[in-house]
Amino acid sequence: MANRLFPEWHPQDAVQLTWPGADSDWAPMLSRIEATLERMVVAITLYQRVLIGVADSATRARLARTFSHLGVPAHRLQVCVVPSDDTWARDHGPIGIERDGGLVLLDYRFTGWGGKFPAARDDALSRALAAQGVFAAPLESRSLILEGGGIESDGEGTLLTTEACLLNDNRNPGLDRAAIEARLAEDFGVSRVLWLAHGHLEGDDTDSHVDTLARFCDPQTIAYVRCDDPLDAHYPALSAMEDELRALRQADGTPYRLIPLPWPQPCFDPEDGHRLPATYANFLIINGAVLVPTYGDAADSVALAALATAFPDRDLVPIDCRDVIRQHGSLHCLTMQLPKGSLAATPEE
């Protein structure tokens with residue numbers, strides 16, 4: 001069987017979201033995060049469908065009314081009742097691969113980033129959706145602990161990741177680098193794994209997910225976070241990561257085109273003052289557009305301009321993520337793209 005891990009720019013059926021409930025960590029600021037998610041849904045549904053998992057039928061009905069009032073076409077929205085622990089669909093959603101010309105969705109174990117948070121309902125979420133007949137493609141379970149935010153694919157056999165996450169003892173104890181690479185090659189058909197040994201963000205719970213640090217924009221281009229403040233605590237690690245990226249080569253031996261993303265002013269939690277992981281690398285590629293996290297910072301416009309050079313044929317849509325980072329993730333972390341052919345129901349355009 002020939003497998004291929006789709007890149008994010010592969011044509012998509014939908015973007016998957018998991019809506020926060022009143023019993024989640026979002027409870028103290030539920031209305032604020034819901035407003036952000038509403039803006040995301042309105043933006044995404046201009047281009048494609050959105051699949052939302054919600055806690056109960058009352059929330060499903062409420063969202064149907066809300067999005068109808070906001071002008072979202074009914075055929076662009078699918079809302080399913082499914083239990084969850086948190087909102088981070090990037091890490092509990094299924095990962096789409098091509099196998100012998102068809103689509104397969106892979107369901108990896110999710111343990112709340114190495115047991116840091118309760119995750120049993122999130123871990124079962126994809127299977128719960130499959131049981132409701134949501135997916136057209138087969139869903140295959142895997143025993144490997146792996147989060148979507150921890151890997152980046154160029155769609156051509158190269159995977160970019162970080163040692164701090166995939167080799168962490170809190171993920172798959174007993175599996176060394178060679179064993180992890182073998183599993184990635186078997187499932188994703190990758191022939192190369194590029195490992196970053198440096199790079200982190202304060203306030204990040206994921207052990208340095210690559211989607212907070214460096215992202216493929218196309219097979220030849222990587223956008224990455226650059227810290228240009230020598231007095232910032234992140235400067236040594238991010239400078240070392242920049243050196244690593246400069247040393248990386250494409251499969252044909254040529255260097256990557258590197259697009260540095262700016263460093264926003266530090267964001268701090270208003271309650272206890274700890275630093276929050278604001279990053280422009282946490283953008284989302286969809287059909288025809290790129291949603292870009294912004295932070296009410298002068299660097300926002302610089303980030304948008306930089307990403308415009310990476311995605312000249314896509315619209316850039318800024319989304320204020322100052323509330324999202326209060327729970328230590330950003331825009332990309334909230335979403336999982338579902339490749340074309342994933343969903344059972346076909347929208348009527």
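Okay, a quick definition to start: two strands pair if DSSP finds at least two bridges between them. Strands here are DSSP runs of E with at least two residues, helices are runs of H or I with at least four residues, and both are numbered from the N terminus.

Some housekeeping. This is a predicted model, where local features need pLDDT of at least 70, side-chain atom pairs count only at pLDDT 80 or more, and totals for chains, interfaces and linings use all residues. Residues are numbered from 1 along each chain as its sequence is written, and side-chain values use heavy atoms, with hydrogens and water left out.

So, the strands. β12 (residues 221-225) and β13 (residues 257-261) run parallel, and five bridges join them. If you want one to click on, take I222, whose bridge partner in β13 is L258. To get from β12 to β13 the chain goes through helix α8 (residues 235-247), and that β-α-β crossover is right-handed. By that I mean that, with the strands pointing away from the viewer, the path from the first strand over the helix to the second runs clockwise.

On to β11. β11 and β12 run antiparallel, with four bridges between them, and the hairpin that joins them does it through two residues. A214 stands opposite Y224 in β12. How many residues of strand β11 (residues 214-218) are buried? Five of its five, so to speak mostly covered. Buried means under 20% relative accessible area, exposed means over 50%, and partly exposed is in between, with a 1.4 Å probe and protein chains only.

H198 is partly exposed, at a relative accessible area of 37%.

Now the rings. You describe a pair of aromatic rings by the distance of the centres and the angle of the planes. Here, rings of Phe, Tyr and Trp (its six-membered ring) pair if their centres lie within 6.5 Å; planes under 30 degrees apart are stacked, over 60 edge-to-face, the rest tilted. The structure has eight such aromatic pairs. One of them is W19 with F67, edge-to-face, at 6.1 Å centre to centre and 90° between the planes. That pair links distant parts of the chain, 48 residues apart: W19 is in the loop between β2 (12-18) and α1 (30-44), while F67 is in helix α2 (residues 57-69). W19 and F67 are both buried.

Then there's F110 and W113: centres 5.2 Å apart, planes at 80°, so edge-to-face again. Both of these are buried, and together with F117 they form one aromatic cluster.

We also get charges over rings, which here needs NZ of Lys or CZ of Arg within 6 Å of the ring centre and within 35 degrees of the ring normal. R177 has its charged end over the ring of W195, 5.0 Å from the centre. R215 does likewise over F283, at 4.4 Å.

Last stop, helix α7 (residues 177-188). Which residues of α7 are buried? They are I180, L184, D187 and F188. These cover an arc of only 75° around the axis, so they lie on the same side of α7; the arc is taken from the directions from the helix axis to the C-beta atoms. A178 and E186, on the other side of α7, are exposed. After α7 comes G189, with a positive phi near 70°.
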